[in-house]
Amino acid sequence: MLVALKRIIHSGWLSFRRQTALSFATVSIMMMAIFLITSLFLLQGMTKFLIADLQDKVDISVYFKKDSSEEDILRVKAELSENPEIKNVAYVSREEALEKFIERHKEDQILIESLAEVGENPLLASLNIKAWQASQYTAISIFLEKGPYQELIEKVDYYRNKEVIGRIFEISSNINLAGIIFSLILGFIAIVVAFNTTRLAIYNSREEISIMRLVGASSWFVRGPFIVQGVIVGVIATLLTVLVFTIGVFFFSSRIDLFIPGFSLFGYFKAHFFTLLFIQLATGVGLGVISSWIAVRKYLKV
Amino acid sequence: MIKFQNITKIYNHNTTAVDDVSFEIDGKEFVSIVGRSGAGKTTLLKLLLAEEKPTRGKIFLDNQNVHKIKPEELPRLRRRIGVIFQDYRLLSSKNVYENVAYVLEVIGASDLEISRDVPQVLEIVELADKAQNFSKELSGGERQRVAIARALIPRPEIILADEPTGNLDPYHTREVMNLLSRINEMGTTIILATHNKEVINNLGKRVITLEKGRLVRDDEKGRFIL
């Protein structure tokens, strides 16, 4: 058994080495398939980051009446925080609101002067609320406006932003869906191309397969070397693709950062390196083995 | 040992290659099947090897119907039979040494046996100096001798030799026939398909004659008569 395995591996390696042109062709096609799948993985990472970034910008603010005490507001905040549909709640006191206002408009002398004219802080304390889903904002604003705290609340600036919020969530879920469909189609194409390349390569060997059968080789003894070749092609293609990506990502990471501020492609690549390597190996070796298996089976019926 | 029972093989378009042929071959026999090209010699050998299925009839090897053998059991049958194919059928991706060694690997021979037997057999067929060559680098006669070496090396119970001298010069033809006779004397059953008159007449063994797929003559110590 062990001797047979050794012979199968040796024979697979020998065929891989001898059929230089064919091996080169299958490795490069397999590299393209792995390259595509790796790109899709990184693209997915970027899309997720972009969507999260976009959704993070969406919130609603509840303004409290001037005479509401900080204690009351924090009570509202505590209750909202317990709601599982709410991602987070941030409290902005009247003083903080004023500071931010001055900071933002420090260039605008007239505005600052008129603020001084008013004499007191005209701004209201508020809570900034972020929900997980856009659809939850309606329920949250109804709860605030009609619920037990309606006495404390001056206004909820939801309805003004309602449309924009809806659009942002709609766009981001569309991007996500398009990404998934795009990935599936490209992934499918990559798999079909790699699969058919292996089949063509083995088609070349159909005569040899029938001779091996006629001199008494078992199916496994015939099939084994082709599967070994599939594994070798998969592993070499994976290693080469990893090399290309490591170098590519290292050099292009800073440029990507210009398009998507805050996203480090190299960091993402490094953080997911082993997941990625696993996906690449599974793609390369899996495709090599499965397509060899299926292609050889057809010619074994001698 | 081998029994052909009312064997008919019809290919597509109603081409009848073998027509109701019956005969038996005992163990250790040396039988020649003669006939013109297209008489059905090669078809009979293909049927025995279960490379093809008969349209009608049965073939038994030691009372086992070879066409009822399960696919996974088939290698075991084929390992009992060494075949010298008319078209050589060498493995083009392997060199001469590896082609011959392959059949030993198939039967699970040890590395030691392979490295001992292969050079010996290549010596016998005078191809020791071509061991590292690939089949495309060999002449027709050399390829035929590789095919012969490959059929002999696992010491099979039966050898099917389909025109084994078709591409050989008179010297090598004589050598190969002497070799087959010696192997037969040591107990191997030999079935030889040929249309070489001289070879048959020198053998002086049983001859089965086919004509247009039909068995027309079966003589002990026969001669080539067509």
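**Exercise 1.** What distance separates the centres of domain 1 of chain A and domain 2 of chain A, taken over C-alpha atoms?

*Solution.* This is a predicted model, in which local features need pLDDT of at least 70 and side-chain atom pairs count only at pLDDT 80 or more, while totals for chains, interfaces and linings use all residues. Residues are numbered from 1 along each chain as its sequence is written, and side-chain values use heavy atoms, with hydrogens and water left out. Begin with the bounds, which come from an automatic or database domain assignment: domain 1 of chain A covers 2-54 + 168-299, and domain 2 covers 59-133. Taken over C-alpha atoms, the two centres are 53 Å apart.

**Exercise 2.** Is Y91(A) buried or exposed, and which side chain joins that of Y91(A) in a polar contact?

*Solution.* First locate Y91(A) in strand β2 (residues 86-92) of chain A, a strand being a DSSP run (E) of at least two residues. Next, Y91(A) counts as buried because its relative accessibility is 19%, where buried means under 20%, exposed over 50% and partly exposed in between, with a 1.4 Å probe and protein chains only. Then, leaving aside neighbours within four places in sequence, list the residues in contact with Y91(A), among them E70(A), I73(A), L74(A) and L127(A), contact meaning heavy atoms within 4.5 Å. Finally, the side chains of Y91(A) and E70(A) are joined by a polar contact of 2.9 Å (a pair of N or O atoms within 3.5 Å; within protein, one must be able to donate a hydrogen and the other to accept it, and residues adjacent in sequence count only if both atoms are side-chain atoms).

Conventions
Chains are lettered from A and ligands numbered from 1 in the order in which they are written. Helices (H or I, at least four residues) and strands (E, at least two) are DSSP runs, numbered from the N terminus.
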